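Here are my notes on the model, point by point. Please read them with the structure open.

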Amino acid sequence: MSVSTQEVDRLAELSQEGKKIVGEELEILGRVHARLGREAAAKPEQIEDLDAQMIELRDAIAEAKEEDVASLVDQMHQVAALSRTRGQGRDIPIDPKSPYFGHLRLREAKTRRVRDVLVGKHTLLDDGDGVTIVDWRNAPVSRLYYRYEEEDEYEEEFDERSLEGDILIRRSLAVMNGDLRRVSAPQGTFVSDRQGSWRDAVGAAKPTLAGGVGTAHRVRKGQLGVHSDDDAPRADKHLQEITALIDREQFTLITQPDSGIVLIQGGAGSGKTTVALHRVAYLAYQDPRRFAPTKMLVVVFNEALVEYIKHVIPSLGVEGVGVTTYRRWSTQLLRRLGLRIPLYHMDGTPDAVSRFKKHPVVLKMIDDLVAEQLSNAEEDLRRRVGERSGGGAVIEMWRKHRSMPPVTRVERTLEWLKGARDLPPGTRAAAETGLRGIRAEIRDVCDDWLELMTNGEALRAALTEHTGDAFNDNEIATIVRWCAAKAELDVEPEEEDDDDEVEEELRGRGEHHGKKGKAASKRAPRRGSVGLDPEDDAILLRLLQVKRGGIFVGGRRFEYEHIVIDEAQDLCPLEVRVLLDCVSDGKSVTIAGDRAQKMIFDNGFSDWPQLLADAGLPHVAIQPLKISYRSTRQIMALSQRILGPLHDGSDPLIARDGAPVSFFEFTETGEAVAFLAEALRSLIQREPTASVALITRYPQQADIYFESLRIAEVPKLRRVGRQNFTFTAGIDVTDIRQVKGLEFDYVVVLDPTAQNFPDALESRHLLHIALTRAAHQLWLTCAGTPSKLLPEELILQSGEL
């Protein structure tokens, strides 16, 4: 079948090489359409009977000439693989709108026979017209497409059968709605517009990842332009030498006074975490006695950042600083406290419950509960001793200590009572009995937690009065019902107090030899149908802080001289408040975060002023960092477009120049895999020390791409599913929730489709995070309808922005 005169006219703008290649591909596509048309006309309901084809091929092999056996056996393997996969022995029809995406021309070594093989997502066997389409997921011959380049010699073993030969042609194609739209070959890339007119793509024959490690290095801050070629590449991706590159604004923040709270708002790659870590090193150097490493803590968002920062801090000359996530820190701390409540977390907490327990209303509920207990305590004391001789002195002493934490207030009053020899014995006895009862109630945070969580009437009233329209009636009902079930928790009974424990209570009732040791030994977690929610950790710790004036372990206040809270926008106000109250009186704290990089959307964070007010810090100034040192101007411009209304338009775009952002559209995943496999193999060959992240929206999508690229023999490939990054050169296939806070030389965002990233604020945050992991170059590959968040001009060009 020859190319029509009309098609020849549409090829006029192509180079001679382009006319030859595109004309050849148009002719093959015409044959495919003709074949599919014949089959549709002859048998409109046809579904190929694979069982019958297996029998026919078996008989043909028995009678075939030696030189034809290899081809027939290969076809038999294809049919068998399809039959096993689909289970019914029947194939579904080829989609004429997108029948294939790859083209191989093979020359077999033994017979010198030349044949064309097309690669798609379903199989169509040759019936004598020279048209063969193989399934990229199953057919053994499809491996050749992913593993070899044009002009390579190939040798593969298929079920103890060797195939050898030459790859004469290897091309990737885009067939959309039945029309050939793009041909990529070593000789060039040729594209068709929507009117069908063809042209040679501008630039390289095919897109390549370039411009980063291996060919260049990070420019000095403030300098724009290309990187120098003589800088040795780094295979270790943990940390570059960054101390010499600190700029003026960053240095000012690093050297803030040692007391007070520094809050740094900085966009992706602006250096906010760098500043926070350098501030740790600076404080340790300035006052090594106060800011000893063991007295400082760095709290980060995920385990990947824990591992990353553990390597960063020693390089800054500080050894032994604790680095952890909030969840790990709070869980370990609660276990040390030996509470009477089983400390294991349930799965499946309803979204409304998680959102409620992170809401600032819980802080108010805790304060209200304690205030009510203290009011009831004073009323009880007044009832017991108010009419007795000397009763006024007891009430006066109780009120004198009202500025103290509740537990300390009770203990101080009891201590005074023991020395008040002039009180009548009856008054003393009545006061002591009352105060002991008050102490038992006030210090028991487990009962407090149960009261907060299981009093449905109080819960409903607090949610209705203080949360506005944050929760609807159905959600409130879910919260009340779920929390009421906590009454079934197996809580150990409280033991009686002894007089000699008064002094221990003054020191915070830490872990001493007597009762606490026994209580702790009894409190082994019992896994049943009811347990804590992850958010309950912060509630329990906050109750301890409010009632005892802090958290005490071993009779000593559990505190740090300096805490770094990184990615603070993903903590809730209650968690931030717990951390802040674990700092010594100097309140030396560094908080770093970015409004645009929210990863947790149910924690009540809206902006820094609100978070600071909820955490009890309404007057802390926000220090901005506005220069992006990680990503290029092109990447940051796109990420700002993605943020849309979330981006502060008054912030200038200050970043170095770099490679264009590239968008590539494919008809289905197999075509995208073939494209990526070729590009990644080439990159690793040219730049073996490059770090690459292939980022999907969901973990299941990362599994599919990883397995496909593994079959295509892409080197240095790793599947990262639990933040287990190695921070070494290679290719990490992962999902967005794994990469928060990290950076890579190259990033490919996989399938930014309308389904994966609908037009919603959450999608804007997540896609922004994915894009800004890239230091040097960013690609987006899309097998599906592109997300509406992507700029239209980027999609229409299917190239660069």
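1. K716 sits in the loop between α25 (699-711) and β19 (717-719). Helices here are DSSP runs of H or I with at least four residues, strands are runs of E with at least two, and both are numbered from the N terminus. The phi of K716 is near 55°, a positive value in a residue other than glycine. K716 has a relative accessible area of 38%, so it counts as partly exposed. The classes are: buried under 20% relative accessible area, exposed over 50%, partly exposed in between, with a 1.4 Å probe and protein chains only.

2. This is a predicted model, in which local features need pLDDT of at least 70 and side-chain atom pairs count only at pLDDT 80 or more, while totals for chains, interfaces and linings use all residues. Residues are numbered from 1 along each chain as its sequence is written, and side-chain values use heavy atoms, with hydrogens and water left out.

3. Confidence next. The protein chain averages a pLDDT of 81, and 80% of the residues score at least 70. pLDDT is the predictor's confidence in each residue, from 0 to 100. Over residues 203-207 the pLDDT is below 50, and this stretch has 11 contacts in the model beyond near neighbours in sequence. Residues 212-245 also have pLDDT below 50; their contacts beyond near neighbours in sequence come to 76. A contact means heavy atoms within 4.5 Å. Where pLDDT is low, the predicted coordinates should not be read in detail.

4. E151 also has a positive phi, near 80°, and is a residue other than glycine. E151 is placed in the loop between α5 (142-147) and β4 (153-158). Buried or exposed: which is E151? E151 counts as exposed, because its relative accessibility is 69%.

5. Now the hairpins. Strand β5 (residues 161-176) runs antiparallel to β6, joined by 5 bridges. Two strands pair if DSSP finds at least two bridges between them. The β5-β6 hairpin has 2 residues between its strands, and N177 in the turn has a positive phi of about 55°. β6 also pairs with strand β7 (residues 188-192), antiparallel over 4 bridges. That hairpin too has 2 residues between its strands. V183 in β6 stands opposite L173, and its bridge partner in β7 is F190. β6 (residues 179-185) is mostly covered, with 5 of its 7 residues buried.

6. What is the strand order of the open sheet of 6 strands? The order is β11-β10-β14-β15-β9-β16, with parallel pairing. β11 (322-325) and β16 (622-625) stand at the edges with a single partner strand each, so one side of each has no neighbour in the sheet. Neighbouring strands are turned by 20° against each other on average, direction ignored. Axes are lines fitted to C-alpha atoms, for helices over the stretch in contact, and angles run from 0 to 180 degrees between N-to-C directions. Strand β9 (residues 260-266) is joined to β16 by 4 bridges, running parallel. The bridge partner of G266 in β16 is L625.

7. α9 lies across β10, β11 and β14 (560-565), at about 100° to β11. In α9, the buried residues include Y326, W329 and L337. The 12 residues of α9 (residues 326-337) should span 16 Å at 1.5 Å a residue, and the end C-alpha atoms are 17 Å apart, which agrees. The expected span is 1.5 Å times one less than the number of residues. Just after α9, G338 takes a positive phi of about 60°.

8. Helix α20 (residues 536-548) is largely enclosed by the rest of the structure, because 13 of its 13 residues are buried. Just after α20, G549 has a positive phi of about 75°.

9. Last, the cores. A nonpolar core is a set of buried Ala, Val, Leu, Ile, Met, Phe, Trp, Tyr and Cys residues joined through side-chain atoms within 4.5 Å. The largest has 89 residues, of which W329, F356, W449 and L541 touch the most other members. Helix α11 (residues 361-385) gives the largest share of this core, 11 residues. Leaving aside neighbours within four places in sequence, the contacts of F356 include V361, M365, L459 and F471. Another core, of 51 residues, lies apart from the largest one, with V321, I635, L638 and L766 among its members.
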